[in-house]
Amino acid sequence: MGTAHVVVVGGGVIGMSVAWRAAAAGHRVQLVDPEPASGASFVAGGMLAPIAEAWPGEEELLELGSASLERWPAFADELSRASGLPSGLRREGTLVVGVDSADRAELDELAGYLSRQGRTVTRLSGREVRRLEPSLGPAVRGGLEVPGDLAVDNRSALAALRAAATAAGVEFVAATARTVRPGAVELEDSTVDCDVAVIAAGAHSGALHPALRGRIRPVKGEILRLRTRATALPPPSRTVRGPVHGRPVYLVPRDDGGLVLGATQHEVGFDTEVTLGGVRDLIADAEQVMPGIAEYQLVEARAGLRPSTDDNLPVLGWLEPGVLTATAHHRGGFLLAPVTADAVLALLRGDEPDALIKASDPNRWGGQQCTS
């Protein structure tokens, strides 16, 4: 459609990636969000881990995530050049570890599934895991090395995205969108006209358009941000993730001696309060993996809302002429940012996006919308 006036609703990693890339492609872009980079993207661990998070029945998500991961190094380099800031990309890889026999059986199941999908991971004994990451404790009985799964410092990436978007000419509108319709985004007390509106409002996207109503639900995740102290072992160099007694846990290092510990999963609506039980479980599970974590400084406790669908795939495509959606990325907002931005640019050009995007088309529900 040539150049267009595009209004992106939502200022998380997806919304800002889309806004930046659309503006860099020559579109006039406004981004509507009362406080960009303050929601789930600000809380996220920043794992880029399609292999470690793979599971039977989610083959389309595995393919989509793998394709986006391949684009991340170039995306990060472009982001650094455009913003003049570090992208936050970490390339050290991922370890998936297990503690008890049930955890190790889950790792065996994951390794077998990945092998059937043509993906290679390296099985490690507990001793081999500790040789790679000496801060891990004796309770860790085995693991899988996934060197291709990376991570990104979410807050560094968000700062770079905002700087790159601003440099590309994106206008930030500090307001809350109420509804989106062809040709306009309705705010609380005004209307922004446009050629194309892009809904990228995460867990709140379902309230913006009838086609999304009841399709996107919030899944609460609590995280702790920690920092090493002089008396403590340094954090692992790689991302380390469990199961620990069946509960998922991850430890994602940061360049400043920091460590992100997450994340609980609760379906409790739009509740973003951190609970004592969530903090207790995170710390207890993390100590099983890395006993020295008890010596770390507790810097922050937060909760965010993952925007999720019933099949864990995002919702990416045309809702109707003039209204695009790029939302519901569940745990994979950072991972899927490059492939999502590419898809939106292709749709704005009137091109067919990558075939991998078809599984995420809003029409996969057959046009019958829920009304919850």
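Reader: How do the axes of helix α1 and helix α6 cross?
Author: In this predicted model, the axis of helix α1 (residues 13-24) comes within 8 Å of that of helix α6 (residues 154-168), and the two cross at roughly 30 degrees. Angles under 35 degrees count as roughly parallel, so α1 is roughly parallel to α6.

Reader: Is that crossing left-handed or right-handed?
Author: The crossing in which α1 passes α6 is left-handed.

Reader: Let us turn to the sheets. What is the order of the strands in the open sheet of 6?
Author: The order is β9-β2-β1-β13-β20-β19, and the pairing is mixed. At the edges stand β9 (171-173) and β19 (315-320); each has a single partner strand, so one side of each is left without a neighbour in the sheet. From one strand to the next, the twist averages 20 degrees.

Reader: Which way do β1 and β2 run, and how many bridges join them?
Author: Strand β2 (residues 28-32) runs parallel to β1, and 5 bridges join the two. Across this pair, His5 stands opposite Arg28 in β2.

Reader: And how does β1 pair with β13?
Author: Strand β1 (residues 5-9) pairs with β13 in the parallel sense as well, over 4 bridges. Here Val7 stands opposite Ala197 in β13.

Reader: How many residues of β1 are buried?
Author: The strand is mostly covered, with 5 of its 5 residues buried. His5, Val7 and Val9 point one way from β1, while Val6 and Val8 point the other way, and all are buried.

Reader: In which sense does β13 pair with β20?
Author: The pairing of β13 with strand β20 (residues 323-327) is in the parallel sense, over 3 bridges. Within it, Val198 has Leu324 in β20 as its bridge partner.

Reader: Moving on, what is the order of the open sheet of 3 strands?
Author: That sheet has the order β10-β11-β12, with antiparallel pairing. Its edge strands are β10 (177-181) and β12 (191-193), each of which pairs on one side only. The twist there averages 15 degrees from one strand to the next.

Reader: How many residues lie between β10 and β11 in their hairpin?
Author: There are 2 residues between them, and Gly183 in the turn has a positive phi of about 90 degrees. The antiparallel strands β10 and β11 are joined by 4 bridges, and Arg181 stands opposite Ala184 in β11.

Reader: And through how many residues does the hairpin join β11 to β12?
Author: That hairpin runs through 3 residues. Strand β11 (residues 184-187) pairs with β12 in the antiparallel sense over 3 bridges. Ala184 has Asp193 in β12 as its bridge partner, and Glu186 has Thr191 in β12.

Reader: Which way do the side chains of β11 point, and are they buried or exposed?
Author: Ala184 and Glu186 point one way from β11, Val185 and Leu187 the other way, and all of these residues are buried.

Reader: Now to helix α8. What span should its 17 residues have?
Author: Helix α8 (residues 333-349) should span 24 Å at 1.5 Å a residue. The expected span is 1.5 Å times one less than the number of residues. The end C-alpha atoms of α8 are 23 Å apart, which agrees.

Reader: Where is the kink in α8 centred?
Author: The kink, of about 35 degrees, is centred on Val339.

Reader: How many of its residues are buried, and what follows α8?
Author: α8 is mostly covered, as 15 of its 17 residues are buried. Gly350 follows α8, and the phi of Gly350 is positive, near 85 degrees.

Reader: How far apart are the C-alpha atoms of Pro56 and Glu300?
Author: They are separated by 34 Å, and the two residues are 244 residues apart along the chain.

Key:
Residues are numbered from 1 along each chain as its sequence is written. This is a predicted model: local features need pLDDT of at least 70, side-chain atom pairs count only at pLDDT 80 or more; totals for chains, interfaces and linings use all residues. Side-chain values use heavy atoms; hydrogens and water are left out. The bend at a residue is the angle between axes fitted to the seven residues ending there and the seven starting there. Buried means under 20% relative accessible area, exposed over 50%, partly exposed in between (1.4 Å probe, protein chains only). Two strands pair if DSSP finds at least two bridges between them. Axes are lines fitted to C-alpha atoms, for helices over the stretch in contact, and angles run from 0 to 180 degrees between N-to-C directions. Angles under 35 degrees count as roughly parallel, over 145 as roughly antiparallel, 65 to 115 as roughly perpendicular and the rest as oblique. A crossing is left-handed if the near helix is turned anticlockwise from the far one by less than a right angle, and right-handed if clockwise.
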